[in-house]
Amino acid sequence: MSATGFHTPAAVSLIGLGALGILYAHRLSQKPEVCTLTCIADRARQAHYGQEGIFCNGTPCHFTLAAPEDPQPRPADLLIVAVKGTTLASAITDCRQHVGPGTVIISLLNGITSEEHLARAYPEARVLHCIAQGMDALRTRHSLVCGHPGELILGTDREALQPDVARVLALLQACDIPCREDKDIIHRLYAKWMFNVGINQVVAVFEGTYGTIQVEGRARDLFIAAMREAIAVANACGIALSEQDLQEYIALAATLAPESMPSMRQDALAHRKTEVELFAGTVLARARELGLETPINAWLYERLQALENA
């Protein structure tokens, strides 16, 4: 065992070479003494990567790729799930060869439900909660430009998994990936979801950038109003989001590169399906169950559906 508590080197698998996937795969691949990285990609994607290449801030990335059906010598010590919410179900199936008893899984997905899906699919694994925030990653095809890497926030609400949190943090830190633990990770998960409900959806609907909500105006007002509705839903679910959480994330939004944009806006530009169901979709579904009114998110949901249909 290494200083991280995993094998030496740790076997790390990653699925989803989007913005976050490229960002973290690049850093992991730079430390072969810490971990060996395998990126899961089907044959068609591998062909595209071979033709076009994968780049992180202009640097070519040479990742070891494995198709979902390729047998693995042993299960991964750590599996990082970095796909979009729209493809989580297929990604869970594609990861099967990489998961075994004791595999630690972290999900970089937006929203508040991916860990539940992964834990149900892989009861033999050890699923932690993880939040990716603060990065201003911009992806065009398979090329990523990232000025600020942000950070990963890890935690668990299960005491038995606490040693796994420490192991993953040690591995990430050894690979120069900014990260930290949050002892109240469920609260933090909902707070990040609240932020995405505001910033992702409003920037996409206004066809703008982070700068769109950094200045006074209707977009910024809706950004804040959408988050307030998410707070109301979280509170009704027993999660104590507060005005302090709101102000912290408004301050975080002010630090993002004004010319960059969130993932939902990038998806809309690339004519990909968005993660609206993780944001307004979840707000509306839970609001109906709780008897709450969420008109801002209802409007955002309608506008985003129209964007997708167009």
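Figure 1. Cys-95 is buried, its relative accessible area being 2%. The model shown here and in the following views is a predicted one. Across the whole structure, the search for disulfides returns zero. Cys-35 likewise takes part in no disulfide, and the nearest cysteine sulfur, that of Cys-175, is 4.1 Å away. Cys-35 is buried, with a relative accessible area of 3%.

**Figure 2. The largest cavity and its lining.** The structure contains one cavity of 30 Å³ or more. Strand S8 (126–140) and helix H6 (185–205) each contribute at least two lining residues. Helix H6 provides the largest share, namely four residues. Classified by residue type, the lining of the largest cavity comprises seven nonpolar, three polar and one charged residues.

**Figure 3. An aromatic pair within helix H6.** Three aromatic pairs are found in a search of the whole structure. In the pair formed by Tyr-190 and Trp-193, the ring centres are 5.9 Å apart and the planes meet at 80 degrees, so the arrangement is edge-to-face. Both Tyr-190 and Trp-193 belong to helix H6, where they are three residues apart, about one turn of the helix. Tyr-190 counts as buried at 10% relative accessibility, and Trp-193 counts as buried at 1%.

Figure 4. Phe-195 and Tyr-249 form a tilted aromatic pair, with 5.0 Å from centre to centre and 40 degrees between the planes. This pair links distant parts of the chain, since Phe-195 lies in helix H6 and Tyr-249 in helix H8 (residues 243–254), 54 residues apart. Phe-195 is buried, with a relative accessible area of 5%. Tyr-249 is also buried, with a relative accessible area of 2%. Ring pairs join Phe-195, Phe-223 and Tyr-249 into a cluster.

**Figure 5. The largest nonpolar core.** In soluble globular proteins, nonpolar side chains tend to be buried together. The largest nonpolar core of this model comprises 46 residues, and Leu-152 and Leu-154 have the most contacts inside it. Among the elements that each supply at least two residues of this core are strand S1 (10–15), helix H1 (19–29), strand S2 (35–40) and strand S6 (78–81). Strand S7 (104–107), strand S8, strand S9 (143–155) and helix H5 (162–174) also each supply at least two residues of the core. Helix H1 gives the most, with seven residues.

**Figure 6. The second largest pocket.** The volume of the second largest pocket is about 240 Å³. Its lining consists of 18 residues, of which Glu-115, Glu-116, Ala-119, His-129 and Asp-157 are the closest to the centre of the pocket. Helix H4 (114–121), strand S8 and helix H6 are the elements that give two or more residues to this lining. By class, the lining of the second largest pocket has eleven nonpolar, three polar and four charged residues. Strand S8 and helix H6 each also supply at least two residues of the lining of the largest cavity.

**Figure 7. Two loop residues with positive phi.** Most residues other than glycine have a negative phi. Asp-176, although it is not a glycine, has a positive phi of about 60 degrees. Asp-176 is located in the loop between helix H5 and strand S10 (179–181). At 48% relative accessibility, Asp-176 counts as partly exposed. His-271, a residue other than glycine, has a positive phi near 60 degrees. His-271 lies in the loop that runs between helix H9 (263–269) and helix H10 (280–290). His-271 is exposed, with a relative accessible area of 74%.

Key
Residues are numbered from 1 along each chain as its sequence is written. This is a predicted model: local features need pLDDT of at least 70, side-chain atom pairs count only at pLDDT 80 or more; totals for chains, interfaces and linings use all residues. Side-chain values use heavy atoms; hydrogens and water are left out. A disulfide is a pair of cysteine sulfur atoms within 2.5 Å. Buried means under 20% relative accessible area, exposed over 50%, partly exposed in between (1.4 Å probe, protein chains only). On a 1 Å grid over the protein atoms alone, a cavity is a set of points where a 1.4 Å probe fits but cannot get out, and a pocket is an open set with protein on both sides within 12 Å along at least five of seven lines; lining residues have an atom within 4 Å of a point. Grid points are joined across faces, edges and corners, and a volume is the space filled by probe spheres set on the points. Ala, Val, Leu, Ile, Met, Phe, Trp, Tyr, Cys and Pro count as nonpolar, Asp, Glu, Lys and Arg as charged, and the others, Gly among them, as polar. Rings of Phe, Tyr and Trp (its six-membered ring) pair if their centres lie within 6.5 Å; planes under 30 degrees apart count as stacked, over 60 as edge-to-face and the rest as tilted. A nonpolar core is a set of buried Ala, Val, Leu, Ile, Met, Phe, Trp, Tyr and Cys residues joined through side-chain atoms within 4.5 Å.
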